[in-house]
Amino acid sequence: MPVSPASAHAAPLTTDRLLLRPVRSGDLPAVTRLWTDPDVRHHLGGPVIESVIRIRQRRIVGAPGFHAVIRAEDDVLLGLVSVEPGARHGETEVSYQFLPEHWGRGYAREAVGAIVARVLEGTPSVVAVTQEANDRSRRLLEAVGLEYAESFVEWDAHQVLYRLRRD
């Protein structure tokens, strides 16, 4: 029986090194760093302003579709992966952000790959969007099997959409 898109986004998920689970209140300091770190936010419109951070902090704890990416060996929060059904022309969109000190170790690829596989159990395709200039993100999306689909301008920047369809 296929996994429904809603349940695919709720259940914790484990990989060899990671646990992906709903965001908890104890995660908020690290999650807030994701929203305010200039390196993380370089291709995401810059650091988020304080009033928006306060709103996000109230809404993200336990929110469906938001996965805290936790390193299993020491329970450190590495980043977030989110899943939004119907976000882009009816397709499920996956997005992600990781703290800079954890870049380059394959954690994002492992987490995003696991989420993409789970999403495809319950929906025919998944998409992800990144800025055209974000070479690292583009390589990650290609590494987990998504393929370039289109380019467009959004938020005053050139964007690329990647897609993977279920076989």
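Predicted model: local features only at pLDDT ≥ 70, side-chain atom pairs only at ≥ 80, totals over all residues.
The structure holds 8 salt bridges. The mean pLDDT of the protein chain is 92, with 94% of its residues at 70 or more. Residues 1-9 have a pLDDT below 50, and in the model this stretch has 12 contacts beyond near neighbours in sequence.

An open sheet is built from 8 strands in the order β1-β2-β3-β4-β5-β6-β8-β7, and the pairing is mixed. Its edge strands are β1 and β7, each of which pairs on one side only. Helix α2, residues 28-36, packs on this sheet and touches β4 and β5 (91-98). The direction of α2 makes about 65° with that of β4. Helix α4 also packs on the sheet, where it touches β1, β2, β3, β4, β5, β6 (125-131) and β8 (157-165). The direction of α4 makes about 160° with that of β5.

On one side, β3 pairs with β2 in the antiparallel sense over 5 bridges. In this pairing, R21 stands opposite A68 of β3. Strand β3 also pairs in the antiparallel sense with strand β4 (residues 76-88), here over 6 bridges, and H67 stands opposite V81 in β4. The strands β3 and β4 form a hairpin with 4 residues between them. In the turn of that hairpin, D75 has a positive phi of about 60°.

R21 itself belongs to strand β2, residues 18-22. Is R21 buried or exposed? With a relative accessible area of 8%, R21 falls under the 20% limit and therefore counts as buried. Leaving aside residues up to four places away in sequence, R21 touches P12, D27, F66, H67, A68 and I70. One of these neighbours, D27, is joined to R21 by a polar contact of 2.7 Å between the side chains. The side chains of D27 and R21 also meet the criterion for a salt bridge, at 2.7 Å from N to O. D27 is likewise buried, because its relative accessible area is 8%. Side chains of opposite charge can pair when their charged atoms come close.

E110 forms a salt bridge with R17, and the closest N and O atoms are 2.7 Å apart. This pair links distant parts of the chain, since E110 lies in helix α4 and R17 in the loop between β1 (13-14) and β2, 93 residues apart. What is the accessibility of the two partners, E110 and R17? E110 has a relative accessible area of 18% and is therefore buried, whereas R17 is partly exposed because its relative accessible area is 31%.

R17 is also a neighbour of Y107, another residue of helix α4. Y107 lies in that helix, which covers residues 107-119. Its relative accessibility is 8%, so Y107 counts as buried. Not counting residues up to four places away in sequence, Y107 touches R17, L18, R71, L78, F98 and H102. With R71, the side chain of Y107 makes a polar contact of 3.4 Å, side chain to side chain. Y107 and R71 are 36 residues apart in sequence, and their C-alpha atoms are 8.5 Å apart in space.

The side chains of R88 and E154 meet in a salt bridge of 3.0 Å, N to O. This pair again links distant parts of the chain: R88 is in strand β4 and E154 in strand β7 (residues 147-154), 66 residues apart. R88 counts as buried because its relative accessibility is 17%, while E154, with a relative accessible area of 24%, is partly exposed. Together with E93, R88 and E154 are linked in a network of salt bridges.

Terms used. Residues numbered from 1 in each chain as written. Heavy atoms only, no water. pLDDT = per-residue confidence, 0-100. Contact = heavy atoms within 4.5 Å. Helix = DSSP H or I, 4+ residues; strand = E, 2+ residues; numbered from the N terminus. Buried < 20%, exposed > 50% of the residue type's maximum accessible area, 1.4 Å probe, protein only. Polar contact = N/O pair within 3.5 Å; in protein donor to acceptor, adjacent residues only side chain to side chain. Pairing = 2+ DSSP bridges. Salt bridge = Lys/Arg side-chain N within 4 Å of Asp/Glu carboxyl O. Axes fitted to C-alpha atoms, helices over the stretch in contact; angles between N-to-C directions.
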